[in-house]
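Load the model in your viewer and follow the selections in order. Each stop says what to pick and what is found there.

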Amino acid sequence: MNKKSFLQSLGPGLLFAGAAIGVSHLVQSTKAGAEFGFGLLWALLLVHVFKYPFFQFGPRYAAATGETLLDGYKKLGKSVLTIYYIINFATMFTIQAAVTIVTAGLAAQLFGFTTNLVIWSTILMCISFIFLIVGKYKLLDNLMKYIIIILSISTIIAVGVALFSSKEAFDVSQILPSGTVEITFLIAFLGWMPAPLDVSIWHSIWSVEKSKSTFIKIKPKDAIFDFNVGYIGTLILGICFVLLGALVMYKSGETFSNKGGVFASQLITLYTKNLGNFSYIFIAIAAFTTMFSTTLTTLDASPRAMNRTSKLLFNKEFKFGYWFWITFLCIGTFIILQFYLDNMGSLVKIATILSFLTAPFYAILNYILVTGKHMPKEHQPNLFTRVLSIVGIVFLIGFSIWYLFNI
């Protein structure tokens with residue numbers, strides 16, 4: 001791939017990273033490190049391996065066919081698309097509320113102004129809304145490159161400071177959680193690590209939008225390379241946040257609050273107390289950019305997905321469909337935050353567990369689609385990826401059954 005081709009194709013993979021590196025990393029990974037030390041690194045690595053092919057199938061299918069995964073789902077049967085429509089409608093408000101309230105808590109800590117998280121959530125959604133109206137996909141694509149760079153640099157600096165400051169001996173023994181509370185946390189951790197599997201649909205939509213905005217058809221090989229850049233980034237930063245939780249918070253005796261503002265305050269205070277006040281800016285920037293990138297990409301992706309699904313289901317082009325859904329999502333999120341403001345932990349837990357339990361559905365659909373007649377033979381996955389996919393499906397179904405029998 002030449003330099004020009006690389007720069008042109010790079011984009012959807014970073015949007016994927018922006019959507020993925022959020023609650024799963026800042027909240028769940030940090031909590032995993034704080035409560036289990038390095039004990040859940042096995043789960044982090046395993047879930048990245050087994051979810052990999054299903055996420056990769058999004059850009060692979062889009063580049064090979066010029067269509068989104070949603071177009072492919074319709075070819076598998078209208079009932080499949082209807083099920084997705086219902087699941088996405090049922091979860092998108094909770095997911096948006098979960099990521100927005102964490103971002104609002106961090107914004108209140110970083111910028112002051114007000115401690116009212118509903119006000120901060122409204123401000124953040126308005127800013128994101130304006131970004132998407134003014135710049136549409138192109139601005140989102142360009143903006144995310146800078147956000148991911150800032151996020152990566154600030155997080156790596158914070159981890160470096162934590163490693164340098166830590167006087168504790170590393171205990172890398174791995175842990176298999178037992179008991180309802182610990183198992184529930186593990187499933188929630190796996191549910192959004194590195195992201196819910198329906199983000200593969202978002203990725204396919206962004207890939208198609210990228211081709212439209214640049215007027216260049218991206219080759220499957222370039223699309224997969226772009227995805228790999230984003231995916232490896234999510235893995236590295238996931239490990240970084242587990243390290244931060246383990247090095248700074250493990251055995252600290254601190255119990256995390258379910259309230260968004262209190263959680264954000266605890267997070268930043270613990271870091272600065274252990275690493276020194278000079279680390280505040282790095283921690284605050286890393287945390288805020290992590291969550292703002294997720295808030296922005298989620299606010300863009302869910303409406304795009306709902307608009308495309310509506311068009312496919314009803315065979316009708318809705319002129320302002322994207323803007324209707326983005327407005328509807330903002331209003332729904334605002335209403336949820338009014339009721340769940342003081343229970344952020346439960347909100348995140350519900351959203352992440354739902355994501356894990358629906359993961360086998362998306363995994364099976366994506367596998368059937370890219371190995372079937374609707375995918376050009378030359379772009380179908382190789383034998384190794386097929387085997388990994390089947391093992392991944394077994395893994396996702398197995399963990400779901402294990403969770404349901406242990407709650």
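Contact here means heavy atoms within 4.5 Å. Helices (H or I, at least four residues) and strands (E, at least two) are DSSP runs, numbered from the N terminus. This is a predicted model, in which local features need pLDDT of at least 70 and side-chain atom pairs count only at pLDDT 80 or more, while totals for chains, interfaces and linings use all residues. Residues are numbered from 1 along each chain as its sequence is written, and side-chain values use heavy atoms, with hydrogens and water left out.

**Whole chain.** Colour by secondary structure: the protein has 15 helices and 0 strands. Of its 407 residues, 59% are buried (under 20% relative accessible area; exposed is over 50%, partly exposed in between; 1.4 Å probe, protein chains only). Take the contacts between residues at least 6 apart in sequence: 86% of them join residues at least 24 apart.

**α2 and α7.** Select residues 12-20 (α2) and 117-165 (α7); their axes come within 9 Å and cross at roughly 65 degrees. Axes are lines fitted to C-alpha atoms, for helices over the stretch in contact, and angles run from 0 to 180 degrees between N-to-C directions. The two helices α2 and α7 are therefore roughly perpendicular (65 to 115 degrees; under 35 is roughly parallel, over 145 roughly antiparallel, the rest oblique). Show side chains next: Pro-12, Leu-14, Leu-15, Ala-17 and Gly-18 of α2 meet Tyr-137, Leu-140, Asp-141, Met-144, Lys-145 and Ile-148 of α7. By class, the residues of this α2 and α7 contact are 8 nonpolar, 1 polar and 2 charged (Ala, Val, Leu, Ile, Met, Phe, Trp, Tyr, Cys and Pro count as nonpolar, Asp, Glu, Lys and Arg as charged, and the others, Gly among them, as polar).

**α3.** Move to residues 23-36. In α3, 13 of the 14 residues are buried, so this helix is largely enclosed by the rest of the structure. Gly-37 follows α3 and has a positive phi, near 65 degrees.

**α5 and α6.** Select α5 (residues 69-76) together with α6; their axes come within 5 Å and cross at roughly 130 degrees. On the α5 side the contact uses Leu-70, Tyr-73, Lys-74 and Leu-76, and on the α6 side Lys-78, Val-80, Leu-81 and Tyr-84.

**Core.** Which residues touch the most other members of the largest nonpolar core? Among its 128 residues they are Leu-70, Tyr-73, Leu-106 and Phe-189. Such a core is a set of buried Ala, Val, Leu, Ile, Met, Phe, Trp, Tyr and Cys residues joined through side-chain atoms within 4.5 Å.
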